[in-house]
Amino acid sequence: MSMEFQDGDVIDGVHYHQYDVVIVGAGGAGMRAAIEAAPKARTAVITKLYPTRSHTGAAQGGMAAALANVEEDSWEWHTFDTVKGGDYLVDQDAAEILAKEAIDAVLDLENMGLPFNRTPEGRIDQRRFGGHTRDHGKAPVRRACYAADRTGHMILQTLFQNCVKLGVEFYNEYYALDLVMTKVKGVDRPSAVVAYELATGEIHVFQAKSIVFATGGFGKIYKTTSNAHTLTGDGVGIVWRKGLPLEDMEFFQFHPTGLAGLGILLTEGARGEGAILRNASGERFMERYAPTIKDLAPRDIVSRCMVQEVAEGRGAGPHKDYVLLDCTHLGAEVLETKLPDITEFARTYLGVDPVYEPVPVMPTAHYAMGGIPTNVKAEVLRDNDTIVPGLYAAGECACVSVHGSNRLGTNSLLDINVFGKRAGNNAVEYAESASFVPLPDDPAKGVRELVERLRTSDGSERIGALRKELQDEMDRNAQVFRTDESLARVTETIHSLRERYQNIGIQDRGRRFNTDLLEAIELGFLLDLAEVVVFSARNRKESRGGHMRDDYPDRDDATYMKHTMAYLTGDPHSADAADHITLDWKPVVVTNYQPMERKY
Amino acid sequence: MADNPSVEAGLSAFTVTLIIRRFDPETMDEPVWKDYDVELYPTDRVLDALHKIKWEQDGSLTFRRSCAHGICGSDAMRINGRNRLACKTLIKDLDITQPIYVEAIKGLPLEKDLVVDMEPFFASYREIQPFLIADAKPKDGKERIQSVAQREIFDDTTKCILCAACTSSCPVFWTDGQYFGPAAIVNAHRFIFDSRDEAAKVRLDILNDKEGVWRCRTTFNCTEACPRGIQVTQAIAEVKNAILAGKPAIPAGV
């Protein structure tokens with residue numbers, strides 16, 4: 001059985017649309033995909049936010065590419081740095097593509113109009129960034145192409161401008177809630193995306209030949225995070241609920257320099273320009289931990305060192321609970337011209353002027369290395385090898401894996417451009433030869449039931465309270481340092497929160513712009529994903545990249561140099577996560593670089 | 001560190017009254033002002049206050065927000081009669097002996113509480129052709145050359161986050177819905193003064209229209225409202241001068 005409709009039909013109150021390519025998400029990856037797809041195939045972009053609100057715009061420091069505009073560099077060095085930075089959990093074929101295609105990705109953006117900072121010769125200027133080195137670790141290299149400290153903002157604006165130029169069709173403030181799968185010859189095939197129109201409360205079914213997920217991350221599982229309120233992992237959660245796997249979810253990046261207590265990002269570009277981390281006594285402590293590249297060590301290492309300094313009593317401030325980012329020697333001109341936004345953030349939110357005083361900082365949950373597994377064509381995988389035809393993912397929601405267990409700074413703005421472009425092109429190519437997968441009967445059923453149940457929910461639990469408990473607990477027990485004991489505690493908390501979530505009540509009963517309902521749905525995704533993160537983390541009894549186990553402090557290549565693959569295999573509400581999550585392994589692709597001890 | 005810089009500094013919370021202009025299109029004909037008492041620290045943002053109300057008192061309070069640190073442009077609203085971003089306005093910077101009045105930005109259709117229909121705003125933006133127009137590609141297949149000085153003259157207008165704080169603070173925009181408004185002109189400026197762009201003339205013609213730059217009466221509301229510190233009125237003046245001169249004044253190349 002399948003249902004018939006014409007594009008634009010409204011049947012039983014549900015709107016039906018038909019496109020060759022549907023892209024979910026309008027951040028960097030989604031819009032980069034749209035720029036490829038829209039001129040060649042009928043394309044729609046469904047986005048929870050107006051495109052320019054996407055969190056790509058909050059990225060600051062730069063986008064890596066071995067242009068060698070200011071000093072010798074090569075994409076091979078970039079590949080090596082990416083592999084080593086990811087603590088050898090990077091798929092090396094993918095890292096090579098990332099580093100090679102970086103050069104054209106930057107030039108594409110410049111050609112589209114991106115106003116990069118310039119060298120005296122008028123070329124794109126480049127700055128230093130953590131973990132990016134000359135000749136396999138000899139010294140920091142200037143590889144990050146940048147536009148002041150608003151590189152992400154300029155990328156987001158430039159991509160949006162080019163979408164306007166191409167007349168890309170956006171469905172703004174449409175919240176994708178389901179991926180419809182139709183059983184064809186015994187195999188589940190993606191046939192449509194179902195979205196909830198925030199302005200009206202109406203439901204839309206978008207049938208498509210190709211579907212691209214570019215929905216970003218889920219930093220809001222943590223309290224202290226650089227992520228936007230809207231980064232609740234909806235896309236990753238949708239895919240999970242469909243029984244498709246998630247890869248390497250235990251690896252979450254904590255960016256070293258969040259404004260203390262607030263988590264607002266201060267770019268690593270500050271250290272790229274020469275800023276120094278100091279403890280309470282003013283010591284440049286990174287010299288002790290990473291003698292060669294010091295403050296420009298990769299983020300996982302710097303974050304761990306900061307937490308260790310505080311734990312050992314060398315923290316600054318009245319409670320000795322943060323360290324200091326010292327920019328005072330950079331001078332007002334460098335701060336005002338190359339780092340104006342972060343200078344203002346420190347002034348506005350902490351009342352600290354970086355020109356004259358060091359800024360209190362501590363690690364902030366920043367980036368999910370894990371996500372929806374894809375191959376280098378951005379095709380989504382249903383297991384270690386088999387693709388889901390017509391389904392693509394790119395950007396933070398995806399796991400290619402180019403970042404392994406720890407992403408290097410400036411590699412995510414690169415990732416969204418390289419793999420966003422690949423997703424767009426491959427989605428078009430597939431749509432050109434494929435036909436529509438028929439819709440099942442009543443494809444909107446799941447979303448309609450979810451929305452109605454929550455909109456009329458009148459239980460005693462409050463969304464804000466449950467979310468806060470989750471975030472507090474994740475910060476306490478699943479942050480930079482983890483142990484089996486701490487993870488066991490979070491597991492219990494998440495289980496109890498998931499039960500209490502069944503008894504929530506919302507207050508807004510309306511259909512139009514019901515953000516109370518929206519937050520209730522988002523919390524459901526956060527709880528699902530936090531459980532996968534913690535369950536995967538407990539299973540990895542080693543320390544690697546962003547996953548640091550106090551009880552297993554060493555990297556164990558013999559047992560664990562492989563990706564985690566998590567599957568939803570049972571009733572998601574069962575008490576014990578082990579009853580519904582099954583873990584498996586996926587080999588790492590190694591080409592040129594054998595694992596070595598990671599020293600900087 | 002404590003959650004809050006105020007706690008760190010030993011400051012205590014106090015009760016603040018927010019008076020918010022509420023409107024539910026499904027149940028009300030006209031907006032009404034409703035007050036809420038909230039416990040806040042001096043370093044809390046107005047956005048924190050709105051969240052406390054939504055999460056602890058009234059889940060139906062509706063507003064847009066995302067990044068919460070002034071870069072995504074979602075939460076422009078009128079706070080004590082001035083357009084600001086709720087996430088960049090700290091309680092300590094307001095007069096807290098008085099209630100804080102919060103309402104939606106003006107001049108765009110009100111949808112619900114603090115949410116307006118942004119489409120007319122983006123329609124004006126799209127009209128000025130906000131994208132680089134340049135047929136000539138660099139011969140070496142690399143980037144276009146642009147000098148540091150050429151890059152500098154449009155630096156300010158690249159900061160725009162399209163929050164609409166400027167446009168919806170403009171008295172001309174309030175009374176004349178056809179006027180492009182400051183944000184569209186700022187984004188036109190960003191390309192008119194970009195040495196790589198080849199369509200300055202087209203944009204200057206668009207803005208020379210009766211609903212273009214000449215409607216600006218230099219009230220400086222837009223400049224005061226801009227949360228990114230863009231010198232909006234100056235940018236508009238530079239566009240006016242470029243129209244009169246027939247072309248923008250751009251420094252010579254490298």
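What follows is a set of questions and answers about a predicted model.

Visitor: How much area do chain A and chain B bury between them?
Guide: The size of an interface is often given as the accessible area lost when the parts come together. The contact here takes 65 residues from chain A and 72 residues from chain B. Of the area that chain A and chain B bury between them, 49% is on carbon and sulfur atoms, and the total is about 5900 Å².

Visitor: Which three residues supply more than any other three of the area that chain A buries against chain B?
Guide: The area in question is the part that chain A buries against chain B, and the leading three residues supply 13% of it. These residues are Arg53(A), His229(A) and Tyr349(A).

Visitor: How many salt bridges does the rule find across the interface of chain A and chain B?
Guide: A salt bridge needs a side-chain nitrogen of Lys or Arg within 4 Å of a carboxyl oxygen of Asp or Glu. Lys88(B) and Glu344(A) form such a pair, with their closest N and O atoms 2.6 Å apart. Across the interface of chain A and chain B, the salt bridges found by the rule number eleven.

Visitor: Which helix gives the most to the side of chain A that touches chain B?
Guide: Helices of chain A that each supply at least two residues to this side are α3 (92–112), α4 (151–166), α10 (340–350), α13 (463–477) and α15. By class, the side of chain A that touches chain B has 24 nonpolar, 22 polar and 19 charged residues. With seven residues, the helix that gives the most is α4(A).

Visitor: Which helix gives the largest share of the lining of the second largest cavity?
Guide: The second largest cavity holds about 210 Å³ of space. Of the 17 residues that line this cavity, the closest to its centre are Thr515(A), Leu518(A), Phe63(B), Arg64(B) and Arg65(B). The lining divides into seven nonpolar, three polar and seven charged residues. Its largest share, three residues, comes from chain A, from helix α15 (residues 515–539).

Visitor: Which residues does a cis peptide bond join?
Guide: Most residues other than glycine have a negative phi, and most peptide bonds are trans. In the loop between β19 (398–399) and α11 (411–433) of chain A lies Ser401(A), which takes part in a cis bond with omega about 10°. The residues joined by this bond are Val400(A) and Ser401(A).

Key: Residues are numbered from 1 along each chain as its sequence is written. Chains are lettered from A and ligands numbered from 1 in the order in which they are written. This is a predicted model: local features need pLDDT of at least 70, side-chain atom pairs count only at pLDDT 80 or more; totals for chains, interfaces and linings use all residues. Side-chain values use heavy atoms; hydrogens and water are left out. On a 1 Å grid over the protein atoms alone, a cavity is a set of points where a 1.4 Å probe fits but cannot get out, and a pocket is an open set with protein on both sides within 12 Å along at least five of seven lines; lining residues have an atom within 4 Å of a point. Grid points are joined across faces, edges and corners, and a volume is the space filled by probe spheres set on the points. Helices (H or I, at least four residues) and strands (E, at least two) are DSSP runs, numbered from the N terminus. Ala, Val, Leu, Ile, Met, Phe, Trp, Tyr, Cys and Pro count as nonpolar, Asp, Glu, Lys and Arg as charged, and the others, Gly among them, as polar. Contact means heavy atoms within 4.5 Å. Buried area is the accessible area (1.4 Å probe) that two parts lose on being put together, summed over both.
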